[in-house]
There are 2 protein chains.
Amino acid sequence: MSLSREDRLLQWLREQLHREGSDRMGDDAALLPKAETAITVDHQIAGVHFPADIDPRVVAQRLLAVNLSDLAAMGAEPRYAFLALSSPPDHDIKSFLRDLLKACRESGVELAGGDLARGPILSATLTLVGGKVPGGKWLRRGAGQPGDRLWLGSPVGQSALGRHLLAGDADFQKSRIRLPPSLASNPRLAAAARRAIRSHLFPSPQIDLGRWLARRRRAAAIDVSDGLSLDLHRLCRDSGVGARLYAEKLPVTPAFLNLCARLQLKPLELMLSGGEDYCLLFSLPASLHPPESFGCTRVGELTRKRSILLVDNGQTGPLAAQGWDHLQSSD
Amino acid sequence: MSLSREDRLLQWLREQLHREGSDRMGDDAALLPKAETAITVDHQIAGVHFPADIDPRVVAQRLLAVNLSDLAAMGAEPRYAFLALSSPPDHDIKSFLRDLLKACRESGVELAGGDLARGPILSATLTLVGGKVPGGKWLRRGAGQPGDRLWLGSPVGQSALGRHLLAGDADFQKSRIRLPPSLASNPRLAAAARRAIRSHLFPSPQIDLGRWLARRRRAAAIDVSDGLSLDLHRLCRDSGVGARLYAEKLPVTPAFLNLCARLQLKPLELMLSGGEDYCLLFSLPASLHPPESFGCTRVGELTRKRSILLVDNGQTGPLAAQGWDHLQSSD
């Protein structure tokens, strides 16, 4: 029986999945067992979410990571993924799928369906289905209350710094970061630059932290994808509260500050509105503290008064909802 | 509180959804109630699945329809939709969303989440979640058995004819079909051309037929998206059977034949491998017949011998698995 190229590729993919014990692909839709589910969709488009000439290995990992981060913010257990991939004729789909399968495997996710097509640019959309954490409940943005402490799951601003470097003379090809001579010649700056670029290309979704939060009696969470200040505004809006954020509590390293200085970037601006950090911003009652091992930092508190304030250098003022606007060129 | 353009648009969308009683959007992922689910993903890309200059109203309707057709082929009840939309700055997202919401409403589907971005071309991915039909079971491609009759849910080939016309001098703008003078001047040909173009732009997914099939004791089904012959090969492969398809039983109208003749197209080729028909190809035990009201046609039978044969003009020969190969330019 002669098969189309698409069928041959899908057959190959099904064989890979069979080996992992999965057999959901190959019908018109995938069947999932009975469960409450959390579903999220994110896409990654060449030239929009990543440079068009980036090492293709990055795209699959990043695609999964940004979706996993959404599930982490819901306190969900990642389960099933669905891929819609459109790619130009010279794109190696098998290699992309291999990378995606590997990343899925590492996160306990089963690729359960998809749609492949040829298109003018690489564009990948992933739908991720999560289940409830045993003994936990869904984490919602709207669960924050006045007096709750505000926490950050990891430092922010690194990803934006990495994006800035990649938009300039830095590059990532064949799994290697290439820096411009001005940075490469200074070991400390070079190390900081590499860390920032890796943060940007390979986000670390905080699934374990989400699981822990889902088991607390009360927690609100959002993933910091569009910028700390914008996402804090969203959490406060849904919780019906205000917040006070302390600039001096935001975690930074001297290397990050030095690199910002060299590149003439404002570190606080990167941290507040750089975006694409993919860590969790969450609130907890004052009596609860996340385990040290997660490396979280207390950065503020939620307030009854609904204004959202930044305390910086002893001065308190309104915190603008600035960040990554996916539709910045729209009306 | 100042909001980003994206947040303002999402707020507008949530207001539209609230009016319809839906409140799933606005957190990091959508929460769905406990249920067995069928999930499918399809995308529509400008220049690939539709002409880049097509009336934007077409895209939203078509996007939903091709996904609904997958659920129809599973015998699933359509429930929730998730949209990933990337569009150029001059694209009217609100108008697109309005059209999508209208189409969703008409099919009982709730838009439950999504991801919006600006990108160089219009690209829309829809994930559709379906539940079980009450008293039914999932329809699978692999449920066919030797001796079962093979049925077609509606005529095929029209969509491919419509695509051919649109690739030529015909056009669809501002909700109107425009034909070249050579066709417009002949009322019968013009009517046939309009029907073909509408078939292509506005597929009619056979959800009701899928529901009916899901309640039978045995039925196999697939939606004819990539061409009758290719999709028949898929159904047979999964069922472990062969088939005999009778060319003379394929439903055609004189107008379709006349239009094919005028355009120097081979009608049988369009019917067998044109693709994008989005109707159901299904098999039933010989004792079962679909109700007349569905307008189905018996076109063949499944056989123990695993070859897939076409009976045409008294001659029997192998039916090639030809059709729409989404990766035709790949290796």
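Guide: Happy to; we will look at the sheet of chain A and its helices, and then turn to chain B for some details. Please keep in mind that this is a predicted model.

Let us start with the whole of chain A. Its secondary structure comes to ten helices and 13 strands. The C-alpha trace spans about 75 × 55 × 45 Å along its principal axes. A compact globule of 331 residues would have a radius of gyration near 20 Å, and chain A, with 21 Å, agrees with that. Of the 331 residues in chain A, 52% are buried. Among the contacts in chain A with a separation of 6 or more, 85% are between residues 24 or more positions apart.

Now for the sheet itself. In chain A, seven strands form an open sheet, and their order is E8-E10-E5-E11-E9-E12-E13, with mixed pairing. Strand E8 (220-223) and strand E13 (315-318) of chain A stand at the edges; each has a single partner strand, so one side of each is left without a neighbour in the sheet. On average, neighbouring strands of this sheet are turned by 25° against each other, direction ignored.

Take one pair as an example. Strand E9 (residues 242-246) and strand E12 (residues 308-312) of chain A pair in the parallel sense over four bridges. One of the residues involved is A:Leu245, whose bridge partner in E12(A) is A:Leu310. Helix H8 (residues 228-239) of chain A packs on the sheet, where it touches E8, E9, E10, strand E11 (297-303) and E12 of chain A. The direction of H8(A) makes about 145° with that of E8(A).

Another helix to find is H2(A), which lies across E8 and strand E10 (280-284) of chain A. H2(A) runs at about 170° to E8(A).

H2(A) also meets a helix. Two packed helices are described by the angle between their axes and the distance between the axes. For helix H2 (residues 56-73) and helix H3 (residues 93-106) of chain A, the axes come within 9 Å and cross at roughly 40°. The crossing of H2(A) and H3(A) is right-handed. On the H2(A) side you can pick out A:Pro56, A:Arg57, A:Val59, A:Ala60, A:Gln61 and A:Leu64, which meet A:Ser95, A:Phe96, A:Asp99, A:Leu100, A:Ala103 and A:Cys104 in H3(A). By class, this contact has eight nonpolar, two polar and two charged residues.

Follow the chain on from H2 and you come to A:Gly75, in the loop between H2 and strand E2 (76-87) of chain A. A residue counts as buried if 20 or more other C-beta atoms lie within 10 Å of its own. A:Gly75 is buried because it has 30 other C-beta atoms within 10 Å. Its contacts, leaving aside neighbours within four places in sequence, are A:Val133, A:Gly136, A:Trp138, A:Leu139, A:Gly210, A:Arg211, A:Leu213 and A:Ala214. Take A:Ala214: A:Gly75 is 139 residues from it in sequence, but 4.9 Å away in space, C-alpha to C-alpha.

Let us now turn to chain B. Here, too, seven strands form an open sheet with mixed pairing, in the order E8-E10-E5-E11-E9-E12-E13. Strand E9 (residues 242-246) of chain B is joined by four bridges to strand E11 (residues 297-303), and these two run antiparallel. One bridge sets B:Gly242 against B:Thr303 in E11(B). Four bridges also join E9(B) to strand E12 (residues 308-312) of chain B, this time in parallel. There, B:Leu245 stands opposite B:Leu310.

In a regular strand the side chains alternate between the two faces of the sheet. E9(B) has a covered face, with B:Ala243 and B:Leu245, and an uncovered one, with B:Gly242, B:Arg244 and B:Tyr246.

A further pairing in this sheet joins strand E5 (residues 149-152) of chain B to E11(B) through four bridges, running antiparallel. In that pairing, B:Arg149 stands opposite B:Glu301.

Our last stop is helix H4 (residues 158-167) of chain B. Eight of its ten residues are buried, so the helix is largely enclosed by the rest of the structure. Among the buried ones are B:Leu161, B:Arg163 and B:His164. Their cover includes helix H6 (187-201), helix H9 (254-262) and helix H10 (267-273) of chain B.

Methods
Residues are numbered from 1 along each chain as its sequence is written. Chains are lettered from A and ligands numbered from 1 in the order in which they are written. This is a predicted model: local features need pLDDT of at least 70, side-chain atom pairs count only at pLDDT 80 or more; totals for chains, interfaces and linings use all residues. Axes are lines fitted to C-alpha atoms, for helices over the stretch in contact, and angles run from 0 to 180 degrees between N-to-C directions. A crossing is left-handed if the near helix is turned anticlockwise from the far one by less than a right angle, and right-handed if clockwise. Two residues are in contact if their C-beta atoms, placed from the backbone, lie within 7 Å. Ala, Val, Leu, Ile, Met, Phe, Trp, Tyr, Cys and Pro count as nonpolar, Asp, Glu, Lys and Arg as charged, and the others, Gly among them, as polar. A residue is buried if 20 or more other C-beta atoms lie within 10 Å of its own, exposed if 12 or fewer, and partly exposed in between; C-beta atoms are placed from the backbone. Two strands pair if DSSP finds at least two bridges between them. The radius of gyration is taken over C-alpha atoms; the globule rule is 2.2 Å times the number of residues to the power 0.38.
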